[in-house]
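Biologist: Hi! Could you walk me through this structure in plain words?
Modeller: Happy to, here it comes.
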Amino acid sequence: MRSVRGWLRKSLTVAAGAALLLLPATANAELGGNENSVKADQQRLRGSLQVNRAQSYAVHEIRTDSNAVVREYVSPAGKVFGVSYHGPVIGESNSVLGSYSAQLAQAMKSAHNGRHMGGPVIVRVGDVVYEATGHLRSYHVRAYVASAVPQGVATEEIR
């Protein structure tokens, strides 16, 4: 029974990574976009928005009716340098990857020869880092543009 669960868990992780990277981006806000576009994500996701300001950035947190939480990290210059998603539907996170979505999908195909056999998905394209993990109804994704992270901010803060 345990091996079936392991296999199922790995399969779901694979499906999550593949689904995430193969679906097109549909939102206006995105990784690398500007702060004003965050409002478009809130409307598209039909969620509530809360903004928390830290010393070197602001976190725009959108909570949806499906219990998903999307965080967009915005620099003092108004650029979205990091995004994260935690929720039950992996495809919702694609929309915040923006123009990097296609590059990340191609890198994923190349890195795993089109087949990922389980475990976390980690892809790096230039200075864009994408990480995904999870299982059915509980996915966690984070992505950031390393060169856009404000000085003094650790990438571990993007969660």
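Modeller: First a term: helices (H or I, at least four residues) and strands (E, at least two) are DSSP runs, numbered from the N terminus. This is a predicted model, where local features need pLDDT of at least 70, side-chain atom pairs count only at pLDDT 80 or more, and totals for chains, interfaces and linings use all residues. Residues are numbered from 1 along each chain as its sequence is written, and side-chain values use heavy atoms, leaving out hydrogens and water.
Biologist: Thanks! Where does histidine 60 lie?
Modeller: Histidine 60 is in strand β2.
Biologist: Buried or exposed?
Modeller: Histidine 60 is buried, at 6% relative accessibility. Buried means under 20% relative accessible area, exposed over 50% and partly exposed in between (1.4 Å probe, protein chains only).
Biologist: Which residues does histidine 60 touch?
Modeller: Leaving aside residues up to four places away in sequence, they include Glu35, Val38, Leu49 and Arg71. Contact means heavy atoms within 4.5 Å.
Biologist: New topic: how many aromatic pairs are there?
Modeller: Three. Rings of Phe, Tyr and Trp (its six-membered ring) pair if their centres lie within 6.5 Å; planes under 30 degrees apart are stacked, over 60 edge-to-face, and the rest tilted. Tyrosine 57 and phenylalanine 81 have ring centres 5.9 Å apart and planes at 80 degrees, so that pair is edge-to-face.
Biologist: What does that pair tie together?
Modeller: Parts 24 residues apart in sequence, because tyrosine 57 lies in the loop between β1 (48-53) and β2 (58-63), and phenylalanine 81 in strand β4 (residues 80-87).
Biologist: Which residues form the cluster?
Modeller: Ring pairs link Tyr57, Tyr73 and Phe81.
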